[in-house]
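Good morning. Please look at the display before we start.

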Amino acid sequence: MGFRMLIAEDLKKYFGDVKAVDDVSFEIGDGEIVSLVGSNGAGKTTLVNLISGYLMPDTGKITFGDSDITYASAYKRIKVGVGRSFQGASLFETATVLDNVRTALFSRYGMIKRGLLPADRYADIRNEALEILNIFNISDKNNLSPKDLSEGDMKVLDVAIAFALKSKLLLLDEPTSGVATADKFKVMDTIVSAIRKENISTLIIEHDMDIVTDYSDRVLVMHEGKIIAEGKPNEIMESKDVLTTLFGIGD
Amino acid sequence: MWPIYILNGLYFAAVIFLISLGLNIILGVMGILNLAHGSLYAIGAFMAAWMIVALGEGAPMFLIYPSLLSGVVLAAFFGLFMEYFLIRPMYKRALEYQLLITFGALLLLEDVIKMIWGGEAYYASRPFDALGKIHILGNPYPAYFLLVMIMALIAGLLIWIFMFKTRIGVMLRAISLDREMATALGLNIHKMGTFAFVLGSALAGLAGALVVPTTAALLGFGMEPLILAFIVVVIGGLGSLKGALAGSLIVGQTRSIGIVLFPEIELALLFLIAAVILVAKPEGLFGR
Amino acid sequence: MGLKKVITRPKFIIYLFVILALLFLPRILSTFNLILFEYGLTFAIAVLGFNLLLGYTGLLSFGHGAFFAAGAYGVAMIAKYFPGLYSMEILIPSALLVSFIISAIFGFLCVRHTRIFFAILALALSMLVYALVFKFYYITGGSDGLSVKIPSMFGMTFEGIRRPQFLSGIYYYFLLGVFVFSFIIMKGIVNSPFGKALQALRDNELRAELIGIRVRRYRLYVFIISGMFTGLGGALWSFINGHVTPDVSHWVFSGEIVYMTLLGGFAIFEGPIIGAMIFTFLKLYAMGSTEYWMFIIGITIIILVLLLPTGIAGGFKKLADRIRE
């Protein structure tokens with residue numbers, strides 16, 4: 001397998017009687033794109049929350065690279081390179097598209113505490129922000145407000161912000177939800193080519209099985225808090241058990 | 001003397017409880033902090049005092065006591081007015097503007113009180129004097145204070161029953177817990193909001209009316225109770241009825257004992273207690 | 001952006017005009033109006049700080065009067081207890097120090113909370129200051145307050161000079177200088193990467209945290225900076241007023257600070273300054289016309305909130321945008 005970017009072992013998160021994450025173990029390799037699929041309520045978002053630090057597990061261990069981040073604060077996890085995007089694009093509404101990315105860059109470079117000049121004077125950072133927007137095909141919209149973007153562009157911007165943090169592991173929560181079907185593949189093409197270019201390990205929560213098949217190296221199937229199957233996309237798609245669990249009897 | 005201090009503490013607690021209960025109901029159901037709440041308390045006091053004075057020296061006691069309720073009614077009316085003209089248009093606006101408009105209402109009402117009742121002090125001590133003193137553990141204690149405590153207890157109980165056992169009360173609580181869900185369930189938020197606002201204002205008016213026989217109604221006299229009510233809300237937790245009770249008891253007793261032991265810094269002592277509680281539990285004792 | 005480009009931008013030319021006009025103001029206005037204008041300038045400095053917290057960071061405090069009082073009483077106490085140190089060069093830094101200390105304490109307690117809780121807590125804390133100033137009357141003068149005589153400035157003393165003369169002379173230029181300096185510093189803060197981070201945390205606290213912005217810590221920094229600006233305003237105000245009383249720490253006064261900011265419009269940098277100026281003259285006019293001036297101010301607040309949500313400067317901006325189209 002080579003270098004493992006993320007190792008999750010025996011993770012458990014219960015909310016009273018609800019076993020949101022029930023003894024989950026998996027790994028993500030260096031530069032690997034893994035899709036996490038399962039019906040609603042299977043525990044996917046909770047799992048991502050555990051990895052990103054929004055929630056702490058009841059038991060289990062999370063290793064990122066060579067550090068144990070099981071109980072590390074969300075802030076610390078960002079600093080070591082875990083980034084995430086959000087299901088409903090979580091953006092900075094009153095800032096320009098450029099500033100959405102640029103502020104993330106300022107944060108990454110520690111400029112927020114040290115920068116004394118007007119933000120616009122930092123030409124390198126501005127250029128880097130434009131480059132990132134370019135990779136995500138929205139650099140021509142850099143002066144607009146996020147409110148003026150299409151649904152697809154908003155999702156792309158959301159990922160761009162996480163990307164700006166030079167994360168080594170990206171957690172993407174349904175990157176194409178809310179995007180018009182015609183645009184879904186365009187959005188995924190943009191996001192995945194940026195990811196591949198930087199060899200970022202990625203975990204994607206996704207419902208659209210076509211997208212899963214086209215873009216993932218591996219798939220994890222979750223159901224009622226447990227991982228019930230794991231393998232390459234075509235293996236999963238051909239597994240009768242998985243299809244029954246996910247889509248009901250006889251799909 | 002100690003039983004007296006504790007009783008005084010309970011008396012302060014009773015008055016503050018009524019005020020902060022009103023504040024908390026409005027805060028919980030409508031999400032609005034009414035900065036003019038103290039003015040409604042003052043309006044209750046002035047109205048009750050005026051009514052008693054107007055009835056004259058010779059009026060029988062069975063008329064005097066109920067006339068205190070005139071303060072409740074007027075405060076409720078002003079609350080209704082305020083809600084309709086000032087709060088309802090602000091329903092979708094940002095918090096800052098909501099607070100600012102209630103601040104504007106405060107300034108307005110302070111002068112309205114001046115316009116209606118002038119700048120002098122109103123005294124209406126007959127209800128207080130008439131009850132005389134009771135001996136508690138060998139110490140004479142004004143019975144009127146006990147009456148106030150009983151009234152506050154009754155009011156608290158009625159509100160509790162109302163909130164937890166009646167349909168409207170349950171609806172109000174539903175709205176305060178989750179506004180969107182409540183709307184989705186078809187509850188009429190606007191009508192409920194108005195009701196909550198009027199109820200909260202009536203409670204403030206009741207507190208003012210009950211207090212006025214023990215002291216003079218003066219301009220600006222709603223300010224201090226308002227601040228204490230805020231401290232109760234901070235200590236007890238936003239929108240919580242239990243919190244209003246617990247917070248009032250703490251504030252009342254601290255004030256009573258503080259005035260005796262540390263007269264200069266009794267307010268600072270209160271803040272110290274509040275600060276300790278907040279550091280340990282930032283949402284307040286019973287807050288969400 | 002090169003210096004040449006900056007100088008030829010329309011905004012810069014407007015600023016230049018305004019500064020030139022301000023330099024000539026003592027010749028145009030009567031002493032009475034000039035002093036009123038100076039009051040406005042001190043409030044303008046205070047609200048510049050306040051708006052960093054409200055407009056740029058999204059936190060509403062109804063307790064900023066406490067910092068205004070910190071600055072004003074800082075000056076007054078030195079006047080009373082350390083007359084040997086009573087010179088402007090010592091007074092201004094002292095006022096900044098006192099307001100720093102108080103805003104650090106308040107900030108630490110308040111920034112763990114948001115929105116309503118934050119507003120109530122700030123309000124309550126400022127009333128604590130108010131109560132303490134009252135209670136410890138033998139130190140602070142209680143409700144009578146303390147007097148603030150004319151200090152020495154940069155080696156010059158003003159024995160025998162009457163206050164109006166001092167205020168319409170050298171003090172005006174000093175105040176103007178401090179105002180311009182404060183304006184430039186605040187502009188710098190707002191345009192810096194830190195300013196961008198503040199706007200991010202105002203817009204989306206959760207995401208800001210997730211891009212590595214330490215929300216609580218930065219809120220505390222902003223609280224302190226805004227407290228210091230307000231304290232500076234208070235100190236400068238005390239020289240004009242000649243007298244400080246506990247009212248400046250009362251929450252109603254804090255409410256006036258909020259009103260000034262919203263009156264001008266909190267979304268625009270210059271908005272609160274305009275609001276402070278207008279309010280100063282408005283309040284005086286109201287107080288002069290009727291004993292029910294609070295009613296008048298209250299009505300203007302209500303009208304403002306209902307009809308002009310973006311404040312006066314905001315209204316002008318909308319007009320300007322429409323004309324541009």
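In chain B, residues 24 or more positions apart account for 77% of the contacts with a separation of 6 or more. Two residues are in contact if their C-beta atoms, placed from the backbone, lie within 7 Å.

Let me state the conventions. This is a predicted model, in which local features need pLDDT of at least 70 and side-chain atom pairs count only at pLDDT 80 or more, while totals for chains, interfaces and linings use all residues. Residues are numbered from 1 along each chain as its sequence is written, and chains are lettered from A and ligands numbered from 1 in the order in which they are written.

We stay with chain B. It has 13 helices and 2 strands; these are DSSP runs numbered from the N terminus, helices being H or I with at least four residues and strands E with at least two. Along the principal axes, its C-alpha atoms fill a box of roughly 55 × 45 × 35 Å. Why does its radius of gyration agree with that of a compact globule? Because a compact globule of 288 residues would have a value near 19 Å, and chain B has 19 Å. This radius is taken over C-alpha atoms, and the globule rule is 2.2 Å times the number of residues to the power 0.38.

Of the 288 residues of chain B, 49% count as buried, meaning that 20 or more other C-beta atoms lie within 10 Å of the residue's own, again placed from the backbone.

Next, the core. The largest nonpolar core has 280 residues, and Val15(B) and Ala160(A) are among those with the most contacts inside it. Such a core is a set of buried Ala, Val, Leu, Ile, Met, Phe, Trp, Tyr and Cys residues joined through C-beta atoms within 7 Å. Helix α1 of chain B, residues 2-30, gives the largest share of this core, 17 residues. Leaving aside neighbours within four places in sequence, Val15(B) is in contact with Val148(B), Ala207(B), Leu210(B) and Val211(B).

Finally, the interfaces. Which chain B helix supplies the largest share of the side that touches chain C? It is α5(B), with 16 residues. The contact takes 33 residues from chain B and 34 from chain C. On the other contact, 19 residues of chain C meet 27 residues of chain A, and α10(C) supplies the largest share of the chain C side, 7 residues.

Conventions. Buried ≥ 20, exposed ≤ 12 C-beta atoms within 10 Å, placed from the backbone.
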